[in-house]
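Please read the points below beside the model. They are notes for someone new to it.

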Amino acid sequence: MAKLANFTPTILKNLFSKPATTTYPFEPFKYPEGTRGHIENDIDNCIFCGMCTRNCPTRCLTIDKATHTWTINRFDCLACEYCTVVCPKKCLHTVEGYQEPMPEKSTVTYTMSEEAIAAEAEKKRIAAEKAKAAKEAAAKKKAEEEAKAAAEAAAAEAAPEAPAAE
Ligand code: SF4
Ligand code: SF4
């Protein structure tokens, strides 16, 4: 009887509180706080540096600079989130939801949009133009300095020597 008295507050609390379980699938599934979910890539911000592929412990990532693609084998991903830490552009992040079941281990490939590829090419063109202009300006300045130094040397050579003091 004493034991029942000890349980009474718990019994009463459970009788008048909401159940701890949910009625999924009759209500949407709610992921518990801290669930890592799966990795997504804002591919248009990716610079294909390879930091994520080199640091992934399961080597489940690949990149192809030529085709502007980033590929993940979700079945090998541990959701450790290390790739999100090392990515210099912070374009990797985890979102709620687990990898859906599939009959075979297929990969998912993200491809940079045409607009982003064009913008990247334009950025590279502008940078190359700036570098070329800077190189030309430096060469011009060097040539001017050399010409000035040569003119000063010639002038010094042509100047009459000062008479010796008596
Ligand atoms: S979360 Fe971990 S295992 Fe998954 S891709 Fe990133 S680094 Fe690799
Ligand atoms: S680390 Fe980030 S920027 Fe570099 S290849 Fe991976 S996703 Fe792209």
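Where is the place of Gly50?

1. Gly50 sits in the loop between strand 1 and helix 2 (51-55); helices (H or I, at least four residues) and strands (E, at least two) are DSSP runs, numbered from the N terminus. Gly50 counts as exposed because it has 12 C-beta neighbours inside 10 Å. The terms are as follows: buried means 20 or more other C-beta atoms within 10 Å of the residue's own, exposed means 12 or fewer, and partly exposed lies in between, with C-beta atoms placed from the backbone. From Gly50 to Thr111, 61 residues along the chain, the C-alpha separation is 15 Å.

2. This is a predicted model, in which local features need pLDDT of at least 70 and side-chain atom pairs count only at pLDDT 80 or more, while totals for chains, interfaces and linings use all residues. Residues are numbered from 1 along each chain as its sequence is written, and chains are lettered from A and ligands numbered from 1 in the order in which they are written.

3. The chain is assigned domain 1 (35-112) and domain 2 (113-146), with bounds from an automatic or database domain assignment. Their C-alpha centres are 33 Å apart.

4. Strand 1 runs antiparallel to strand 4 (residues 92-95), joined by four bridges; two strands pair if DSSP finds at least two bridges between them. Glu40 has His93 as its bridge partner in strand 4.

5. Which residues form the largest nonpolar core? The eight are Ile39, Cys52, Cys56, Leu61, Ile72, Cys83, Cys87 and Leu92. Such a core is a set of buried Ala, Val, Leu, Ile, Met, Phe, Trp, Tyr and Cys residues joined through C-beta atoms within 7 Å. Leaving out residues up to four places away in sequence, Cys52 touches Leu61, Cys83, Val86, Cys87 and Leu92, a contact being C-beta atoms, placed from the backbone, within 7 Å.

6. Around ligand 2 there are 15 residues, of which Cys46, Cys49, Met51, Cys52 and Cys87 come nearest. Around ligand 1 there are 14, with Cys56, Cys77, Leu78, Cys80 and Cys83 nearest. A residue is near a molecule if its C-beta atom, placed from the backbone, lies within 6 Å of it.

7. Glu27 belongs to the loop between helix 1 (2-15) and strand 1. Glu27 is exposed because 8 other C-beta atoms lie within 10 Å.

Conventions
Contact = placed C-beta atoms within 7 Å.
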